[in-house]
Amino acid sequence: MKNPILFSSPVYRTLTAVAACLLLSVVITAAMPAYLPLNQGDRIAGPTLLFPFIWLTLFIYSAMAKSLLRVWSVFAVLLISHLGLIAWVLKGS
Amino acid sequence: MATTKRDQLKKFYILHSWVGVITGILLFVIAFTGAVSVFARPDLKLWANESLHQPSAATPQIIAELIHDAAANTDESFHHEIHAFLPSPSVWTNLVLILEQDHDEDPDAQALWLEYHPQTLELIKRWQGDTEELFDQRSQDMSDFISGFHADLHLGRVGLILTGLLGLTLMASIATGLFIHRKILKELFSFRPHRSFRLLLTDTHKVISVWGILFHSMIGFTGAFLGLATVLLVPAAAFVSFSGDQEKLLETLSPEVYPVLSSNYADMQVQPILEQIYNDQKIEPLRISIYGWGDKNAVGFVDTFNQSRMPRENYKFQMATAQQLETSTRFETVGGVSGQILDVIYPLHFGNFGGIAVKILWAVLGVSTSLIALTGMMIWVERRAFGSEGNLSKQNYQRLSRLTIGSCAGLVVACCGLFWFQRLAHDWVSVGFFCVWGVALLYSLLRNNDFQTCRQLLGASAFLLIALPILDSVTLDKNPLYGSTASHFNIISLALVFIGAGLGFIAKKLPSERPSNNKSTSSADQDKLVEEADVAEKTDSIIEGSL
């Protein structure tokens, strides 16, 4: 990622693509059983099977999006909403 | 300024290159050992253990007698669970009986391990200790070493995460590769071996990638799942649904095995159950587990392997009557689509279905995955050391090239060396493997001509495999070659020699120096070749494709 015109903020972008994507995809995998309208088995096992595709989507988006700020915004919304869901479910149980 | 389509493709190209070059060597290591692991069981296990060269003497009657004797000679508290691992190249070398106390009720529960030779049925090991140390008792051979190395690099949880992440990055490389090579049908038949070295590498990389794209994608997905499932995905799934209780999650998604005991004594019909299973030619029994030994309600599960069915099947029996109750798969309880996918992930990853033809196909495709990583690394180096890309000196890129050749060709030598360590010093299989790999890497780093090094390392690998029959004749008590020529062992030995001859042929065919430096080629011709390679690459490249 040497070309600063093609990839803005290469250091932060790399960190986002490597660390933030993994963290966010794990959080999404953990929270998905709370809202997937499937039977118990699919609701629990389904997100674990979807995990590689969730990570792949986030990784490519974080690397390719023009604005890193937009990437962070999308990630923040996804992270907060899924953490909120987790907290809501755990509080309820 | 708006991002043009050309810029987008350039970004995909850069992303593809950097993901590839960062993970390339490790991907080669995992993919190549994966290709070898396809044959780990039963083929390599059979080759490695002389006691498996003849059919086991453990018949249903003898196994049943040993289980009854073991139960009669141990305290009743050890009858909570009784497992018999049947001797077979598909799982374990020896017949192993395990009698366990109830570890759910008692945290200090113990287990008893009784191991019998598969031919003489002599007791060769007796161990009693903590249930957590139970599976440390299992002896390892080269087949266990190589399949374990492929799974987690023998680094435990860290290794599982690494291999899982590598599966993810393989998926990322495939996705970005698809974006930059959109003319996929053209790539299928675009192979120009005689134009230039760089073009040969580029075409090989693209052709192998496109022809095997379904396999590479499947391996990326299943590898990522298998690597990350236990360390990341199951804990994450349990976090919300079971408040972090992973045991509860596994209990919910696994079938209930333990029966409600009646406290009424009954004879256990082990022999009739085993006879039923052994009489079915389509299935291979791997293990029988008995829960509630001696009770009228005791149940037994026979874990089997069926070549014509992808997931492993479990046959449930009433132990007092030998009546078969049901047949299930490991993840049948999960239900839905997920259960079916989970059941096929493991056999799909290792090619454990459909017999030897699938195994050979999986091994060839596995080697092709490793070649994609290798050619990708070489293209990256080539474009920088001998092309216009890159900011470092040529020497730095050549060092990376030597590291790549040493790691990759060195791994091939180390894998071939495993056979020799297994025969000559089987307790030193892992140490020997890493020593050979380390020496090959060091040799490569110290040499200037990595083309010559590659030839030499492949030549050494070829020698190690071709000479195996001599090693066998010296080290084996009974030379199997005197037995049936069509025996499984002889077919494996012949195949290894054949692979060795193939490696020798490749080593002979490979150039001993970089092809564009050929003395017969004039300077003007070299310039023309490089120019031609550049033009041809550009024709196919993302840059040209975006115009």
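**Figure 1. The open eight-stranded sheet of chain B in the predicted model.** Chain B holds an open sheet of eight strands, arranged in the order 4-3-2-1-5-6-7-8 with antiparallel pairing. From one strand to the next, the twist averages 20°. Strands of a sheet pair, in general, through backbone hydrogen bonds, in either a parallel or an antiparallel manner.

**Figure 2. Pairing of strand 5 of chain B with strand 1 and strand 6 of chain B.** Strand 1 (residues 81-85) and strand 5 (residues 283-291) of chain B run antiparallel and are joined by five bridges. Phe85(B) stands opposite Arg287(B), a residue of strand 5 of chain B. Strand 5 of chain B is also linked to strand 6 (residues 299-306) of chain B, here by eight bridges and again in antiparallel fashion. Ile290(B) has Gly300(B), in strand 6 of chain B, as its bridge partner.

**Figure 3. Strand 7 and strand 8 of chain B, with the loop between them.** Six bridges connect strand 7 (residues 313-318) of chain B to strand 8 of chain B, and the two strands run antiparallel. Gln318(B) has Gln323(B), in strand 8 of chain B, as its bridge partner. Ala320(B) is located in the loop between strand 7 and strand 8 of chain B. Is Ala320(B) buried or exposed? Ala320(B) counts as buried because it has 20 C-beta neighbours inside 10 Å, and a residue is classed as buried if 20 or more other C-beta atoms lie within 10 Å of its own. Leaving aside neighbours within four places in sequence, Ala320(B) contacts Ala266(B), Gln269(B), Lys296(B) and Ala298(B). Ile273(B) is 47 residues from Ala320(B) in sequence, with 10 Å between their C-alpha atoms.

**Figure 4. Glu122(B) in the loop between strand 3 and strand 4 of chain B.** The loop containing Glu122(B) lies between strand 3 (110-116) and strand 4 of chain B. Glu122(B) counts as exposed because 8 C-beta neighbours are found inside 10 Å, and a residue with 12 or fewer is classed as exposed. Not counting residues up to four places away in sequence, Glu122(B) touches Tyr116(B) and His117(B). Ser338(B) is 216 residues from Glu122(B) along the chain, and their C-alpha atoms are separated by 44 Å.

**Figure 5. Chain A and the residues it contributes to the contact with chain B.** Chain A contains three helices and zero strands, and its pattern along the sequence is α-α-α. The C-alpha trace of chain A spans about 50 × 25 × 15 Å along its principal axes. Chain A has 93 residues, of which 34% count as buried. Among contacts in chain A with a separation of 6 or more, 68% involve residues 24 or more positions apart. The contact between the chains draws 33 residues from chain A and 34 residues from chain B. On the side of chain A that touches chain B, helix 1 (10-31), helix 2 (40-64) and helix 3 (68-92) of chain A each supply at least two residues. Helix 2 of chain A gives the most to this side, with 16 residues. By class, the residues of this side of chain A are 24 nonpolar, seven polar and two charged.

**Figure 6. Packing of helix 2 of chain A against helix 5 of chain B.** The axes of helix 2 of chain A and helix 5 (residues 157-180) of chain B are 10 Å apart, and the helices pack at an angle of about 55°. The two helices are therefore oblique to each other, and their crossing is right-handed. Helix 2 of chain A makes the contact through Pro52(A), Trp55(A), Leu56(A), Phe59(A) and Ile60(A), while helix 5 of chain B uses Gly167(B), Leu168(B), Met171(B), Ala172(B) and Ala175(B). This contact comprises nine nonpolar residues, one polar residue and no charged residues.

**Figure 7. Crossing of helix 16 and helix 17 of chain B.** Helix 16 (residues 468-475) and helix 17 (residues 488-509) of chain B cross at roughly 140°, and their axes come within 9 Å. These helices are therefore oblique to each other. The contact is formed by Leu468(B), Pro469(B) and Asp472(B) of helix 16 of chain B together with Ser493(B), Leu496(B) and Val497(B) of helix 17 of chain B. Its residues divide into four nonpolar, one polar and one charged.

Terms used. Residues are numbered from 1 along each chain as its sequence is written. Chains are lettered from A and ligands numbered from 1 in the order in which they are written. This is a predicted model: local features need pLDDT of at least 70, side-chain atom pairs count only at pLDDT 80 or more; totals for chains, interfaces and linings use all residues. Two residues are in contact if their C-beta atoms, placed from the backbone, lie within 7 Å. Helices (H or I, at least four residues) and strands (E, at least two) are DSSP runs, numbered from the N terminus. Ala, Val, Leu, Ile, Met, Phe, Trp, Tyr, Cys and Pro count as nonpolar, Asp, Glu, Lys and Arg as charged, and the others, Gly among them, as polar. Axes are lines fitted to C-alpha atoms, for helices over the stretch in contact, and angles run from 0 to 180 degrees between N-to-C directions. Angles under 35 degrees count as roughly parallel, over 145 as roughly antiparallel, 65 to 115 as roughly perpendicular and the rest as oblique. A crossing is left-handed if the near helix is turned anticlockwise from the far one by less than a right angle, and right-handed if clockwise. Two strands pair if DSSP finds at least two bridges between them.
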